[in-house]
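Colleague: I have not seen this structure before. Could you take me through its strands and pockets?

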Amino acid sequence: MTTQRHELELPTYSPRIAGWFAWYTRRFFARDFTGVRLSRSGTDPTRLEGPLVIYSNHPGWWDPLFFMLLGDNIFPRRPGYGPMDAEALEKYGIFRRMGVFGVER
């Protein structure tokens, strides 16, 4: 049995574009959410060094928007990367500049 290894080249991350989009997205959250709760149990993630993986168990379209805001507010010095349906990413290529990479379903 042969194991294939797929190398992922991360997209070019533009802090300027990602910051603008986070600012724009705040309006949606302010209008459509009454609150967001984050657990404070465990290690404070802002004190960790090296790569940090944050995941959710809900595949909704709000998740990537929330993670952009989370990164912008809690981890401002860390570029964020996340998956998006490859076909949708072809249609909305600007997301590549915000750290989004395509995945095949």
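Predicted model: local features only at pLDDT ≥ 70, side-chain atom pairs only at ≥ 80, totals over all residues.

Colleague: In which sense do strand E1 and strand E2 pair?

Modeller: E1 covers residues 82-85 and E2 covers residues 100-103. Pro83 has Phe101 of E2 as its bridge partner. The pair is joined over 4 bridges, and its sense is parallel.

Colleague: What is the bridge partner of Asp85 in E2?

Modeller: Asp85 falls in E1, which spans residues 82-85. Its bridge partner in E2 is Val103.

Colleague: Which helix makes a β-α-β unit with E1 and E2?

Modeller: The two strands are parallel. The unit they make with the helix is right-handed. The helix covers residues 86-91 and is H3.

Colleague: Which element gives the largest share of the lining of the largest pocket?

Modeller: The pocket holds about 1,400 Å³ of space. Its lining has 42 residues, with Pro64, Phe67, Met68, Tyr81 and Gly82 nearest the centre. Helix H1 (15-32), helix H2 (62-74), E1 and E2 each give two or more residues to this lining. The largest share, 8 residues, comes from H2.

Colleague: How many nonpolar residues are in the lining of the largest pocket?

Modeller: The lining divides by class. It has 5 charged and 8 polar residues. The nonpolar residues number 29.

Colleague: How much space lies in the second largest pocket?

Modeller: This pocket is lined by 13 residues, and those closest to its centre are Leu38, Ser39, Arg40, Pro45 and Ile74. By class, the lining has 6 nonpolar, 4 polar and 3 charged residues. The space in the second largest pocket is about 420 Å³.

Methods
Residues numbered from 1 in each chain as written. Heavy atoms only, no water. Pairing = 2+ DSSP bridges. Right-handed = clockwise from strand over helix to strand, strands pointing away. 1 Å grid on protein atoms, 1.4 Å probe; cavity = no way out; pocket = protein on both sides within 12 Å on 5 of 7 lines; lining within 4 Å. Points joined across faces, edges and corners; volume = space filled by probe spheres on them. Nonpolar A, V, L, I, M, F, W, Y, C, P; charged D, E, K, R; others polar.
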